[in-house]
Amino acid sequence: MELCSDRVVATLDMSQNKSKDEEPFNSDGDYESLPPHVSVTTHMTAGAVAGILEHTVMYPVDSVKTRMQSLQPDPNAQYKSVYEALKRIIRTEGIFRPLRGLNITMIGAGPAHALYFACYERMKRSLSDIIQSGGNSHLANGVAGSVATVLHDAVMNPAEVIKQRMQMYNSPYRGLWDCIRTVTYTEGVGAFYRSYSTQLTMNIPFQAVHFITYELMQEQLNPHRHYHPGSHILSGAAAGAVSAAITTPLDVCKTLLNTQENIALSSMNVSGHLTGMANAFRTVYQLGGLSAFFKGVQARVIYQMPSTAIAWSVYEFFKYFLTKQQLPQEHEAGPRPL
């Protein structure tokens, strides 16, 4: 009932202001359509908050996923389920062990997601105008998500390398700065981007499927594109689950390139450091066959579903909230002189 009354008020406002503005803005229904006066800062702020929360709330499950993707794990780090893994890690290594590497993740997630959402929203609008005259275009959503991923991963890839090395069982690093110094000294700065091509190969289809699924779900659950938290949560969870399951094989390869798992590489007589997606695929297959490409799929889906739901619901809320804050200020300022 509240939504209905809001729509009536919004409709009245639009009819009253139509002569003043050729493109009236319905703050309940059209915030999704990104009117020109919504600044890039709005999207970047909303994206940064959403990204940090996405990565932090479910971080312990991400730690378990990294360990479960180990190709030749230590006998003390072999887990049957996410719950059993978390319980054993806390019991044997301490209550804060599943949070190791969270600091670098937060440092990277803010700017990475700010760029990611700002780029996605602007590109989606521009491409939709070209492809479908302003209507929702699934092609535009997929292309915008893919391009946004290139920027996101350029910022996030070094943080991913450090995070996953600190998450591994018996990690040799004392902390964040020790990990950065050691990797830079022993492997060079290039080590932080060794998995970048694999990360992009994984994340471009991941984000394309993710955004297309999210927009498809929104068309069914929220066709008028009002701010509706329940639909954002359900759409985000579905998008995260589908994309995570499909791209798990690439994630396993990325984890191997990031961690340079010593036991696994030694058993394959790999000298130096493993590089390249093709070599990673070959190594994973030789060590575990086809099933190895789906190691940690359960943890990955469990992590991505709530994480993506949180990211979208927080992002949509902040976009809605910040946009509503902007509108009164712009009305008070009045029209700009020509």
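**Pocket, helix and surface in a predicted model**

Q: What makes the second largest pocket a pocket, and how much space lies in it?
A: About 510 Å³ of space lies in this second largest pocket. On a 1 Å grid over the protein atoms alone, a pocket is an open set of points where a 1.4 Å probe fits, with protein on both sides within 12 Å along at least five of seven lines, whereas a cavity is a set from which the probe cannot get out. Points are joined across faces, edges and corners, and the volume is the space filled by probe spheres set on them.

This is a predicted model, where local features need pLDDT of at least 70, side-chain atom pairs count only at pLDDT 80 or more, and totals for chains, interfaces and linings use all residues. Residues are numbered from 1 along each chain as its sequence is written, and side-chain values use heavy atoms, without hydrogens and water.

Q: Which residues line the second largest pocket nearest its centre?
A: Of 22 lining residues, Met-168, Tyr-169, Thr-259, Glu-261 and Asn-262 lie nearest the centre; lining means having an atom within 4 Å of a point.

Q: Why is helix H3 called largely enclosed?
A: Buried means under 20% relative accessible area (1.4 Å probe, protein chains only). Nine of the ten residues of H3 (59-68) are buried, so the rest of the structure largely encloses this helix. Among them are Tyr-59, Val-61 and Met-68. A helix is a DSSP run (H or I, at least four residues), numbered from the N terminus.

Q: Why is Val-147 called partly exposed?
A: Val-147, in helix H6, has a relative accessible area of 35%. Exposed means over 50%, and partly exposed lies between buried and exposed, so Val-147 is partly exposed.

Conventions: Helices (H or I, at least four residues) and strands (E, at least two) are DSSP runs, numbered from the N terminus.
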